[in-house]
Structure formats: C-alpha cells, structure tokens
Amino acid sequence: MYMMPLNEWSEFVEDACIITEGFRLADSDRIFIAANNSDKGRAGPLSSSHGKAFRGVSDGQGVDDGNNTRSLMRYQFMEALTRVAIARFIDTKQFTSVEE
C-alpha cells in the first residue's frame, strides 16, 4: 500500500522545486496536515454505522483501517498536490484562476 510520511513529502516538495519565497516549506507542511486530516470523522466503506472500523480500529500507533494516520494515502497525495498548486500559483497571484 502506498503511503508517504511527512519527511518524504517535504523531500518531494523540495526536489520538485515547489518552494519559493511566496510558498515556503511550512506552507507545504500545513497542506500535508490538511490533506491527511480531510477525511477524518467521515464514515468510509470500511466503517460501521457507529463509526468503528471493521478492521484495525486503532493499534495505538497511528494506524487506522490500514492507513498510517501520519502518512498520506494516494488519494490524499493527489489532494495535497491540488492544494499545493492552488497555494503556489493562485494564492501567490501568479495566475488568477485554476482554469489558467
């Protein structure tokens, strides 16, 4: 299963030359946290109606439903990339809209 912890995310962002004066590493860390927490509290396909997961509710080490809660899953990685693009290009006024 593909997962990316914060230190690998930070390395990826630096290697991809995403960091600029207007978009710092701290900004990418906040995006990592937001993407990683974006689906917390929602019942997914592996959850019961009471919000407990059918497998691996929590082993006390940050693992829930096969997802290390300190790492991005693939769909969270894609969400983080989208958030980075918006923060890096729209919020810094390099582009005026996502469509550009």
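**Notebook: helices, a core and some rings**

I started with helix H2, which has 13 residues and reaches 18 Å from first C-alpha to last, close to the 18 Å expected at 1.5 Å a residue. The expected span here is 1.5 Å times one less than the number of residues. My helices (H or I, at least four residues) and strands (E, at least two) are DSSP runs, numbered from the N terminus.

Ground rules before I go on. This is a predicted model, so I note that local features need pLDDT of at least 70 and side-chain atom pairs count only at pLDDT 80 or more, while totals for chains, interfaces and linings use all residues. Residues are numbered from 1 along each chain as its sequence is written, and side-chain values use heavy atoms, with hydrogens and water left out.

**Entry: the inside of H2**

Which residues of H2 are buried? I found Asp27, Ser28, Ile31, Phe32, Ala35 and Asn36. Buried means under 20% relative accessible area, exposed means over 50%, and partly exposed is in between (1.4 Å probe, protein chains only). Looking down the axis of H2, I saw its buried residues fall within an arc of 170 degrees, so they line one face of the helix. That arc is taken from the directions from the helix axis to the C-beta atoms.

What do the buried residues of H2 pack against? They pack against strand E1 (4-5), H1, strand E4 (71-72) and H3. Contact means heavy atoms within 4.5 Å.

**Entry: H3**

Next I checked H3, with 17 residues and a reach of 24 Å between its first and last C-alpha, close to the 24 Å expected at 1.5 Å a residue. Its buried residues are Gln76, Phe77, Ala80, Val84, Ala87, Arg88 and Ile90.

**Entry: the core**

I then looked up the largest nonpolar core, which has 13 residues. Such a core is a set of buried Ala, Val, Leu, Ile, Met, Phe, Trp, Tyr and Cys residues joined through side-chain atoms within 4.5 Å. Trp9, Phe23, Ile31, Leu72, Ala80 and Val84 touch the most other members. Helices H1 (6-15), H2 (25-37) and H3 (74-90) each supply at least two residues of this core, and H3 gives the most, with four.

**Entry: Trp9 and the rings**

Trp9 got its own page. Leaving out residues up to four places away in sequence, I listed its contacts as Met4, Ser28, Ile31, Phe32, Leu72, Phe77, Ala80, Leu81 and Val84.

How many aromatic pairs are there? The count comes to six. Rings of Phe, Tyr and Trp (its six-membered ring) pair if their centres lie within 6.5 Å; planes under 30 degrees apart count as stacked, over 60 as edge-to-face and the rest as tilted.

Trp9 and Phe32 make a tilted pair, 6.4 Å centre to centre with 45 degrees between the planes. This pair links distant parts of the chain, as Trp9 is in helix H1 and Phe32 in helix H2, 23 residues apart. Trp9 counts as buried at 0% relative accessibility, and Phe32 is buried too, at 4%.

With Phe77, the centres are 6.0 Å from those of Trp9 and the planes sit at 85 degrees, so that pair is edge-to-face. Phe77 is in helix H3, 68 residues from Trp9 in helix H1. I also noted that Tyr2, Trp9, Phe12, Phe32 and Phe77 form one aromatic cluster.

Most residues other than glycine have a negative phi. Cys17 has a positive one, near 55 degrees, and sits in the loop between H1 and H2. Lys93 has a positive phi of about 65 degrees and lies in the segment after H3. Are they buried or exposed? Cys17 counts as exposed at 60% relative accessibility, and Lys93 counts as exposed at 68%.
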